[in-house]
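Welcome! Please take a moment to look over the sequence and the 3D view, and then read on for a guided walk through them.

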Amino acid sequence: MIEKVHCPHCAWKPSAEKLWHCLECGSDMDMFDNLGRCNNCGYNHDKTYCPEEYDGCGLSSPHLAWYGEFDEGLSKLNIIRG
Ligand SMILES: [Zn+2]
Ligand SMILES: [Zn+2]
């Protein structure tokens, strides 16, 4: 979990829990644990929604937009897999 991750629309910040469900297999997952990739089925989520049930705004954003100013640094570090 990267501390600065936040929703680009409402600045909601996720806690370090599995708040999302995989769109492919439905298992609980943390979108920021593996850059949107499901640990169960390997499905890659290129968009991440802001969960309304946890006080988010409900809008989807490209996964990297959640990292804000950090996405350029992330690509330089080459941690984006698959
Ligand atoms: Zn899955
Ligand atoms: Zn939001």
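## Around Trp66

Leaving aside residues up to four places away in sequence, Trp66 touches Lys4, Val5, His6, Cys7, Pro8, Trp12, Pro14, Phe32, Thr48, Tyr49, Cys50 and Ser61, where a contact means heavy atoms within 4.5 Å. Trp66 is buried, at a relative accessible area of 0%. Here buried means under 20% relative accessible area, exposed means over 50%, and partly exposed is in between, using a 1.4 Å probe and protein chains only.

## How to read this model

This is a predicted model, in which local features need pLDDT of at least 70 and side-chain atom pairs count only at pLDDT 80 or more, while totals for chains, interfaces and linings use all residues. Residues are numbered from 1 along each chain as its sequence is written, chains are lettered from A and ligands numbered from 1 in the order in which they are written, and side-chain values use heavy atoms, with hydrogens and water left out.

## The overall layout

The protein chain has 1 helix and 4 strands, running β-β-β-β-α from the N terminus on. These elements are DSSP runs numbered from the N terminus: helices are H or I with at least four residues, and strands are E with at least two.

Of the 82 residues in the protein chain, 30% are buried. Among contacts with a separation of 6 or more, 37% are between residues 24 or more positions apart.

## The core and its aromatic rings

The largest nonpolar core has 14 residues, and Trp12, Trp20, Met29, Phe32 and Trp66 have the most contacts inside it. Such a core is a set of buried Ala, Val, Leu, Ile, Met, Phe, Trp, Tyr and Cys residues joined through side-chain atoms within 4.5 Å. One aromatic cluster is formed by Trp12, Trp20, Phe32, Trp66 and Tyr67.

The structure holds 6 aromatic pairs. The rings of Trp20 and Trp66 are edge-to-face because their planes stand at 85°, with centres 6.5 Å apart. Trp20 lies in strand 1 and Trp66 in the loop between strand 4 and helix 1 (71-77), so this pair ties together parts 46 residues apart in sequence. Trp20 is buried too, with a relative accessible area of 0%. Another edge-to-face pair is Phe32 and Tyr67, with ring centres 5.8 Å apart and planes at 80°. Phe32 lies in the loop between strand 2 (28-29) and strand 3 and Tyr67 in the loop between strand 4 and helix 1, so the pair ties together parts 35 residues apart in sequence. Both Phe32 and Tyr67 are buried. Rings of Phe, Tyr and Trp (its six-membered ring) pair if their centres lie within 6.5 Å; planes under 30 degrees apart count as stacked, over 60 as edge-to-face and the rest as tilted.

## The zinc site

Which residues hold the zinc ion (ligand 2) as protein donors? They are Cys7, Cys10, Cys50 and Cys57, each through its SG atom, lying 2.3 Å from the ion. Donors are N, O and S atoms within 2.8 Å of the metal (3.2 Å for Na, K and Ca); water is not among the atoms, so sites may look incomplete. The 4 donor atoms subtend angles of 104 to 112°, so the arrangement is tetrahedral, a label given to four donors if all angles lie between 85 and 135 degrees.

Along the chain, the donors follow the spacing C-x2-C-x39-C-x6-C. Cys10, in the segment before strand 1 (20-21), and Cys50, in the loop between strand 3 (47-49) and strand 4 (60-62), are 40 residues apart. Cys50 is buried at 0% relative accessibility, whereas Cys10 is partly exposed at 34% and Cys57 is partly exposed at 28%.

Notes. Tetrahedral: all angles 85-135°; square planar, octahedral: opposite > 155°, others 65-115°.
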